Amino acid sequence: MAIETLESIGLFQAVCADPYKTAHKASENGRPVAGFMCSYSPQELFHAAGYYPVRITARHGGTPRADEIIQAYSCSFARSVLDRALSGEFEFLDLVVFAHTCDTLQNVADLWRSNRPEVPVVIVSGPTLTAGKPAQTYFRQELDRVHGVLESLRGKISYEAIWDSLHLYEQHRAMMRRLYAVRRARPDLMSGQDLYWVVQAAQLMSPEEHLPLLSDLVESLEAENGEAECFQPRVMLAGSVCEDSGFISAIEEAGCTIVDDDLCMGSRSFLLPEAPEGDPMDALTHIYFSRIPCPAFHRPGFDPGQHMLERAREAHADGVILLLTKFCDPWAFDYPQIWNTLEMGGVPTLLLEVEQNVPAPAQLRTRVEAFVEMIQSKDEL
Amino acid sequence: MSAAPCYAGIDVGSATAKAVLFGRDGSMLAHAIIPSGGQLSLSAELVLTKALEKAGLARDAVQTVVATGYGRDTVTWRTKSITEITCHARGAYFLSPHVRSVIDIGGQDSKAISLAQDGSVRKFEMNDKCAAGTGRFLEVMARTLGLSLEDFGPKALIADTPAKISSTCTVFAESEVISLLAQGETVERILAGLCAAITQRVHSLASRVGMAPEVMMTGGVAKNIGVVKRIEQAIGFTLTIPEEPQIIGALGAALYAKDMG
Amino acid sequence: MSDERVPIRSYKRMKEIMTMYYGMAKMSEGTDQKIAWITSGGPVEILYAAGITPIYPENHAAMCGATKIADSLCAAAEERGFSRDLCSYARTDFGSIYTKNSPVPGGLPKPDLLVCCNNICDTVTKWYQELQRIFKVPLFFIDAPYQYGMEDGPEIIDYVKAQLEEMITGIGELFGKPIDPDKLNYTIDISEKAAALWREIQGMLAHKPAPMNSFDTFIHLAPIVTLRGTELCIEYYEQLRDEMKERIELGIASVPGEKYRLGWDNLAIWFKIKELSDKFAVGKAALVVSTYPESFCYQAPYRDENDKLRSLAATYIGGYINHGLDYRERDLLHMVEKFSLDGFVMHSNRSCRAYSFGQYELAKRLMQKHGIPSLMLEADMNDSRAWSDEQANTRIEAFLETLAARKN
């Protein structure tokens with residue numbers, strides 16, 4: 001790996017090592033910070049309102065405070081973010097943004113705002129149905145409402161400002177797509193762990209800070225000559241939230257090369273359609289309705305198994321590893337169909353049930369190794 | 001002592017370590033099982049020594065070592081490590097090429113494997129991190145009831161209907177067993193209930209990979225006739241139980257060692 | 001006064017009606033009669049107006065729970081890869097589709113279309129997506145956004161109304177027979193009438209002593225779920241209402257010697273409904289109101305006689321369960337006052353995250369702000385594998401003891 005690449009990765013890794021340091025710094029410099037819960041929050045709007053955007057993530061460790069207000073059969077992501085909020089770990093935020101997704105998070109939003117009333121919580125109540133005129137009309141109205149709420153907090157937010165943010169985000173997303181293209185073609189240039197430092201850092205930094213570093217990295221990677229050397233099975237990672245890079249390294253140590261993903265934090269955040277010119281709120285609406293739907297949503301005609309198979313084929317993946325967070329209903333409902341479709345399509349699939357607040361268990365490694373052996377024996381035949 | 005080379009498979013489990021030796025001609029020379037102590041790598045060493053003694057071979061006769069099982073990576077002197085999933089499939093297929101499914105209940109893990117016609121792994125499932133549905137569960141329960149593991153199976157068969165043990169969690173089930181005893185429930189019915197509870201867990205694993213005959217059961221719990229009968233009822237197939245069900249992982253590992261030469 | 005509990009006579013009639021309903025639905029399988037599977041909060045009026053037989057998988061799952069076959073059906077779904085952590089209604093019904101095992105001989109009749117409204121949870125969204133993959137028939141999805149605020153804005157009502165309009169047109173096109181608007185208006189009217197009767201009956205439980213309890217209402221809500229929009233539904237609830245009037249006049253108590261009056265939150269625990277009813281009755285506690293049966297007579301604040309469809313849309317946004325915690329707190333308090341409650345029993349239902357995840361907070365608010373104690377009962381509506389009699393009994397007894405101490 002080239003020295004520049006190494007140095008560049010080091011910068012992203014440093015950001016991840018101290019996740020909210022960049023946000024704290026922005027805050028010290030007088031910029032308000034908005035924490036967002038998932039990739040469905042219209043970040044462009046918050047960015048245009050002047051907020052420094054950071055993703056609210058789970059962390060390792062118990063959730064004693066959350067356990068007092070939410071049942072143990074809630075997912076570890078929900079419990080962990082709630083516990084962090086109750087423990088005062090998000091006190092530096094000036095705004096908390098929820099986007100309506102699943103049954104669990106809708107209640108977490110409510111529990112959060114009633115137990116931490118000192119920081120305003122904005123809930124973007126987008127439609128679950130992500131197709132059709134009525135849903136689009138409704139979402140557009142909801143965006144206008146949120147726009148109004150933000151203006152009441154921050155003053156006038158012009159359409160020009162929203163466009164500026166939108167363009168910046170689009171540049172960033174395009175650069176992320178280039179990064180993933182390099183990754184698919186040349187997985188030997190850096191480890192999957194390195195890739196996810198970059199991905200994770202994108203969630204913790206404002207795009208104007210992340211983009212220059214990202215561009216440098218992508219350009220240096222694209223400049224590399226030579227052929228890809230990769231003897232390990234190429235694997236695509238999919239599933240619910242995956243914020244703990246411990247899973248990435250555990251999977252790679254067990255012998256896989258992660259060449260692509262279908263994760264909310266990863267490709268799903270930037271495989272978005274281009275915004276049509278005109279009204280920026282319409283553009284945001286268009287993006288919401290055209291992106292790969294989160295499993296919590298309904299898009300008539302969308303086939304999650306077929307989608308996964310196509311993505312796996314595009315990535316030339318030998319197998320798919322599905323990280324299923326325990327108690328994540330939307331993914332759990334789709335899993336049998338995804339498994340069957342991939343099996344029919346000849347792509348082996350491994351389900352790993354994980355907790356977001358617990359490091360990858362030793363047994364995970366055995367499963368991944370057995371999966372690698374399974375793929376390799378298939379290749380030998 | 002003979003100087004003919006041999007190939008070793010070592011399965012370092014959480015409860016026991018197993019070793020199998022193969023000769024160059026493809027014959028199984030010896031096997032050994034010992035309880036694994038705190039130091040897994042030491043258990044691997046000891047179990048190999050024991051197998052070599054049985055075969056009348058010296059340590060330097062061992063050409064290749066494949067380690068498998070929970071402690072496979074602690075065996076620093078291994079030639080290669082391969083997971084217990086792949087090894088169990090290989091070992092079972094070696095014993096009977098008609099095997100299409102394997103159910104393995106070990107000390108700390110239980111797993112179900114579906115095999116393709118050529119013996120390769122098609123799909124597998126492992127239990128989650130808790131001890132429910134493992135040998136450990138039965139061990140704790142036997143201790144609670146003051147029974148030896150050997151008596152467990154035959155005694156469980158005596159009862160016509162099992163007592164209802166609703167919890168499959170080891171900790172909760174233990175207190176449930178105690179309260180059943182206090183209510184005057186017979187030990188036989190409780191044992192049958194425990195077999196039913198473990199079967200429920202294993203059955204759901206097995207169903208998720210899909211069972212097709214021939215089904216082989218491996219691991220220490222395959223020696224418990226009470227569990228075996230219940231699993232047979234649950235999956236609707238007769239189980240093939242190898243003569244020594246505990247060594248199938250090590251056997252598979254030894255076969256891989258022989259492949260490597 | 002005798003401690004003998006007087007059974008509800010209408011129960012027999014309800015059983016007849018439900019047997020007839022499922023029998024007729026089953027008989028129409030394979031005929032020209034169209035069948036729709038629909039969620040409990042779905043706009044069934046449109047189906048009845050179109051002459052389509054609605055079938056409720058949720059009601060079916062509850063029947064499987066009450067007849068104690070749900071565990072084996074759940075296991076059958078788990079064998080197909082559905083996680084044990086998923087909603088036990090969904091698992092029960094998937095299992096019944098795979099095994100054909102059901103209280104309805106041969107299982108539910110196959111659907112010609114599916115109707116899903118997510119005003120009760122988004123689990124049904126996923127559940128119906130899977131049903132569509134299984135049956136490969138059209139799915140009409142009505143999105144009723146969760147309401148985080150106290151009041152439903154006009155844009156939400158418009159959104160739901162627009163979807164209802166699409167559904168009406170869509171069903172007309174699907175079967176080449178447009179839905180007659182007069183018939184639809186009529187169906188909406190008689191549906192409302194049935195809901196009003198159901199509301200009236202539940203209101204009668206405010207009487208001391210209560211003539212019937214929540215365990216009964218759980219059983220007697222089957223017709224309002226499955227038959228609202230039919231004359232039969234009205235006929236049945238008139239009978240039940242008259243019986244309740246009579247019981248009040250005669251002083252017949254559901255729980256003889258009623259000492260405590262409690263509310264119930266969340267779905268029933270179907271496989272223990274009789275045991276729990278007896279358990280509370282022994283402790284002289286009557287459960288007199290429940291958030292769950294109440295949702296089938298939810299009346300939206302918005303009403304316009306001249307725009308029945310928009311009124312229907314407002315109603316299908318849903319009440320308790322499709323609203324945030326402040327709204328739920330207000331509803332619970334209203335129940336405390338109207339039904340003179342001493343406390344709440346909250347069924348923390350492993351299967352139902354939408355319903356359950358606010359309960360700790362609501363229980364806390366009820367206690368801290370209003371002095372109303374709650375019992376948290378950890379269970380599942382259909383999956384008995386996580387249930388422990390002993391644990392539940394101890395909790396219930398301890399709760400009744402604290403209520404006794406509070407009364408003294």
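Select chains C and A together, and the first stop is their contact, which takes 47 residues from chain C and 43 residues from chain A, where contact means heavy atoms within 4.5 Å. Before going further, note that this is a predicted model, in which local features need pLDDT of at least 70 and side-chain atom pairs count only at pLDDT 80 or more, while totals for chains, interfaces and linings use all residues. Residues are numbered from 1 along each chain as its sequence is written, chains are lettered from A in the order in which they are written, and side-chain values use heavy atoms, with hydrogens and water left out.

**Stop 1: chain C against chain A**

Between them, chain C and chain A bury about 4,000 Å², 56% of it on carbon and sulfur atoms; buried area here is the accessible area (1.4 Å probe) that two parts lose on being put together, summed over both. Now select C:Lys126, C:Tyr148 and C:Phe357, the residues of chain C that lose the most area to chain A, together 22% of what that side buries.

Among the elements that give two or more residues to the side of chain C that touches chain A are helix H6 (123–135), helix H7 (154–174) and strand S7 (343–349) of chain C. H6(C) gives the most to that side, with seven residues. By class, the side of chain C that touches chain A has 18 nonpolar, 13 polar and 16 charged residues, where Ala, Val, Leu, Ile, Met, Phe, Trp, Tyr, Cys and Pro count as nonpolar, Asp, Glu, Lys and Arg as charged, and the others, Gly among them, as polar.

**Stop 2: chain B against chain C**

Select chain B with chain C next, where the contact takes eight residues from chain B and seven residues from chain C. These chains bury about 680 Å² between them, 38% of it on carbon and sulfur atoms. Across the interface of chain B and chain C the rule finds zero salt bridges. Helix H6 (residues 187–209) of chain B supplies the largest share of the side of chain B that touches chain C, five residues, and the residues of that side divide into no nonpolar, six polar and two charged.

**Stop 3: A:Arg186**

Move to A:Arg186, in the loop between helix H8 (159–185) and helix H9 (192–204) of chain A. A:Arg186 is buried, with a relative accessible area of 13%, buried meaning under 20% relative accessible area (1.4 Å probe, protein chains only). Polar atoms of its side chain lie 3.1 Å from the backbone oxygen of A:Asn225 and 3.0 Å from the backbone oxygen of A:Gly226.

**Stop 4: C:Leu227**

Finish at C:Leu227, in the loop between helix H10 (222–226) and helix H11 (231–250) of chain C, a residue that counts as buried at 6% relative accessibility.

Conventions. Salt bridge = Lys/Arg side-chain N within 4 Å of Asp/Glu carboxyl O. Helix = DSSP H or I, 4+ residues; strand = E, 2+ residues; numbered from the N terminus. Buried < 20%, exposed > 50% of the residue type's maximum accessible area, 1.4 Å probe, protein only. Polar contact = N/O pair within 3.5 Å; in protein donor to acceptor, adjacent residues only side chain to side chain.
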